[in-house]
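Please examine the sequence and the three-dimensional structure shown below. The report that follows describes selected features in turn.

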Amino acid sequence: MSAGLKEKELLFCRLYSETLNPREAAARAGYLIRPEYNAFKLLNDPKITEKLEELSNSGREAAGDAAAGLRRIAFGSVSDAVTLLYAENADKEQIEQLDLFNVAEIKRPKGGGMEIKFFDRIKALEKLMAVSDGGGKGAGTFIEALERSAKALQGLGARD
């Protein structure tokens, strides 16, 4: 275990670093009673903040956050949404513990039942590919163009 943290606390740190949602991270880590309060307590613990800082220093940027969200849409589980679909009289606390990140829309038609629409996984994968491939290729191409320009300028300077 890292820095004397319990398994549940480490799970909270990992989930919080992925979602940036303290209540959701606490509930999913197993702090089912008053997840908001537990999240507040955890975020004020120096060991937890140190672990979160360590996780955030491991290369998270705005594009990394977007990629993490796209990964959750593309590869995330829909089991909690299916659980909600078949749940009878689910209360607010039960619903708050569900991971519904992939859900785009929930409808209750007049005839009864429930409709759940999910975000498009294929589009999320396409965007994820664009973020991961496009960023690297674009930066590399730009740097190569700068290098060619510098060499061309050096060649012009040598002739004068």
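Arg34 is located in the loop that joins helix 2 to helix 3; helices (H or I, at least four residues) and strands (E, at least two) are DSSP runs, numbered from the N terminus. The model is a predicted one, in which local features need pLDDT of at least 70 and side-chain atom pairs count only at pLDDT 80 or more, while totals for chains, interfaces and linings use all residues. Residues are numbered from 1 along each chain as its sequence is written, and side-chain values use heavy atoms, with hydrogens and water left out.

Arg34 is not a glycine, yet its phi is positive, near 50°. Most residues other than glycine have a negative phi. Arg34 counts as exposed, at 52% relative accessibility; buried means under 20% relative accessible area, exposed over 50%, and partly exposed in between (1.4 Å probe, protein chains only). Leu20, in the loop between helix 1 and helix 2, also has a positive phi, of about 55°, although it is not a glycine. With a relative accessible area of 47%, Leu20 is partly exposed.

The wider setting can now be described. The protein contains eight helices and two strands, and along the sequence they follow the pattern α-α-α-α-α-α-α-β-β-α. Of its 160 residues, 24% count as buried. Among contacts (heavy atoms within 4.5 Å) between residues at least 6 apart in sequence, 51% join residues at least 24 apart.

How do the helices pack? The axes of helix 1 (residues 7–19) and helix 4 (residues 46–56) come within 10 Å and cross at roughly 45°. Axes are lines fitted to C-alpha atoms, for helices over the stretch in contact, and angles run from 0 to 180 degrees between N-to-C directions. Helix 1 and helix 4 are therefore oblique to each other; angles under 35 degrees count as roughly parallel, over 145 as roughly antiparallel, 65 to 115 as roughly perpendicular and the rest as oblique. Their crossing is right-handed, a term used if the near helix is turned clockwise from the far one by less than a right angle, with anticlockwise giving left-handed. On helix 1 the contact is made by Glu9, Leu10, Phe12, Cys13, Arg14, Tyr16 and Ser17, and on helix 4 by Ile48, Lys51, Leu52 and Leu55.

Helix 1 also packs against helix 2 (residues 22–29), at an angle of about 145° and with the axes 8 Å apart. This crossing, too, is right-handed. Here Lys8, Leu11, Phe12, Leu15, Tyr16 and Thr19 of helix 1 meet Pro22, Glu24, Ala25, Ala26, Arg28 and Ala29 of helix 2.

The table lists the two contacts by residue class, where Ala, Val, Leu, Ile, Met, Phe, Trp, Tyr, Cys and Pro count as nonpolar, Asp, Glu, Lys and Arg as charged, and the others, Gly among them, as polar.

| Contact | Residues by class |
|---|---|
| Helix 1 with helix 4 | seven nonpolar, one polar and three charged residues |
| Helix 1 with helix 2 | eight nonpolar, one polar and three charged residues |

Which residues of helix 4 are buried? They are Ile48, Lys51 and Leu52. Seen down the axis of helix 4, these buried residues fall within an arc of 100°, so they line one face of the helix; the arc is that of the directions from the helix axis to the C-beta atoms. An α-helix has 3.6 residues a turn, so residues three or four places apart point the same way. Pro46 and Glu50, on the other side of helix 4, are exposed. The cover over the buried residues of helix 4 includes helix 1 and helix 3 (35–43).

In helix 3, the residues Pro35, Asn38, Ala39 and Leu42 are buried. Around the axis they cover an arc of only 100°, which puts them on the same side of helix 3. Helix 1, helix 2 and helix 4 are included in what covers them.

Asn102 counts as buried, at 6% relative accessibility. Its contacts, leaving aside neighbours within four places in sequence, include Arg72, Val78 and Phe119. Ile106 belongs to strand 1 (residues 103–107) and is partly exposed, with a relative accessible area of 41%. Not counting residues up to four places away in sequence, Ile106 touches Leu84, Met114, Glu115 and Ile116.
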